[in-house]
Amino acid sequence: MELDLSPKLSKKIYGGEGGSYHSWNPSELPMLKEGDIGAAKLSLNKHGFALPRYSDSSKVAYVLQGGGVAGIVLPEQEEKVIAIKKGDAIALPFGVVTWWYNKQDTELTVLFLGETSKAHKRGEFTDFHLTGANGIFTGFTTEFVGRAWDLPEEIVKTLVNNQPYNGIVKLDESHNMPEPKKEHRDGMVGLGADLVRLNGKAMCSPGFSCDSALQVTYIVRGSGRVQVVGVDGKRVLDTTVKAGNLFIVPRFFVVSKIADDEGLEWFSIISTPNPVFTHLAGKTSVWKALSPQVLEAAFKVPTEIEQQFRSKRTSDEIFFPPPN
């Protein structure tokens with residue numbers, strides 16, 4: 001059965017006045033399950049607060065838009081409170097508890113991508129909330145909660161029942177959240193995945209990952225065309241992409257993009273720590289490395305055609321301007 005590589009938008013799972021949580025479903029984007037990749041997106045309005053939770057998957061959080069504050073508690077460690085901004089990437093290992101807060105006017109948007117081979121469902125994240133309508137507290141009886149925290153029953157009932165919302169709430173302006181500490185940011189936040197911007201009508205060279213990595217692409221802004229070529233030279237994707245689309249290129253398949261008039265901006269995330277790419281056009285392309293005699297034989301063309309082919313794209317790396 002052929003895989004469906006067509007780009008998909010995320011779907012809202014829950015949310016309210018404080019913001020919303022969206023995810024991509026492997027039933028609609030089969031490459032998620034095929035590659036054991038989970039993908040989700042958190043959007044917080046001003047004073048939006050994503051309640052504390054942990055996940056069944058290790059993941060990386062990429063800040064796509066805005067800024068805010070994140071709380072991170074690694075197993076058996078103290079809480080770290082860090083300021084986050086567009087372009088940041090935060091590694092979240094198994095079992096880490098996180099919360100997210102936006103005190104700015106601009107919406108805070110965070111993209112989560114991670115590996116789901118040990119998850120409850122392949123290709124999906126399952127979050128476990130500590131509080132809220134579906135929080136851990138609500139599952140235990142008041143007896144167990146009272147015994148565990150040495151609390152009277154009336155306090156237990158307050159803890160369990162006072163937060164009626166699911167996952168995301170909007171806090172009152174008067175509520176003081178912890179302030180981020182600069183020293184907490186050290187070692188927690190790094191540069192994000194490659195953020196690529198193409199000007200209008202520009203092109204990104206055809207290329208492939210040559211170390212068996214999957215390439216996950218999230219379109220941040222603009223629109224454009226994408227083509228992917230796979231086994232036996234078959235074009236397996238030829239479509240238009242727009243902001244919010246996510247698609248995954250299988251291992252060793254070749255992908256190229258051309259921006260529309262307004263340009264195209266995307267995050268390119270690779271499923272291996274140190275990805276290696278081979279490009280098929282531009283001055284660093286594999287064609288430039290091959291000898292003329294090999295190219296003439298491979299294409300079955302005379303020397304003058306090979307020379308014309310080789311003489312092009314001698315200064316451009318992998319991004320090509322619009323045609324004259």
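Beyond its neighbours within four places in sequence, Ser223 is in contact with Val241, Lys242, Ala259, Asp260, Glu262, Gly263 and Leu264. The model is a predicted one.

- Strand β16, which covers residues 215–229, contains Ser223.
- Ser223 has a relative accessible area of 11%, and because this is under 20%, the residue counts as buried.
- Among the residues in contact with Ser223 is Glu262, and the side chains of these two residues make a polar contact at 2.8 Å.

**The largest cavity**
- The model holds 2 cavities of 30 Å³ or more, and the largest cavity has about 120 Å³ of space.
- This largest cavity is lined by 14 residues, of which Arg53, Ser55, Lys59, Leu92 and Thr98 are the closest to its centre.
- Strands β4 (48–55) and β9 (97–102) each supply at least two residues of that lining, and β4 gives the most, with 3 residues.
- By class, the lining of the largest cavity consists of 8 nonpolar, 3 polar and 3 charged residues.

**The second largest cavity**
- The second largest cavity has about 30 Å³ of space.
- Its lining is formed by Phe208, Ser209, Ala213, Gln215, Val249, Pro250, Phe252, Phe253 and Phe277.
- In the lining of the second largest cavity, 7 residues are nonpolar, 2 are polar and none is charged.

Definitions and conventions: Residues are numbered from 1 along each chain as its sequence is written. This is a predicted model: local features need pLDDT of at least 70, side-chain atom pairs count only at pLDDT 80 or more; totals for chains, interfaces and linings use all residues. Side-chain values use heavy atoms; hydrogens and water are left out. On a 1 Å grid over the protein atoms alone, a cavity is a set of points where a 1.4 Å probe fits but cannot get out, and a pocket is an open set with protein on both sides within 12 Å along at least five of seven lines; lining residues have an atom within 4 Å of a point. Grid points are joined across faces, edges and corners, and a volume is the space filled by probe spheres set on the points. Helices (H or I, at least four residues) and strands (E, at least two) are DSSP runs, numbered from the N terminus. Ala, Val, Leu, Ile, Met, Phe, Trp, Tyr, Cys and Pro count as nonpolar, Asp, Glu, Lys and Arg as charged, and the others, Gly among them, as polar. Buried means under 20% relative accessible area, exposed over 50%, partly exposed in between (1.4 Å probe, protein chains only). A polar contact is a pair of N or O atoms within 3.5 Å; within protein, one must be able to donate a hydrogen and the other to accept it, and residues adjacent in sequence count only if both atoms are side-chain atoms. Contact means heavy atoms within 4.5 Å.
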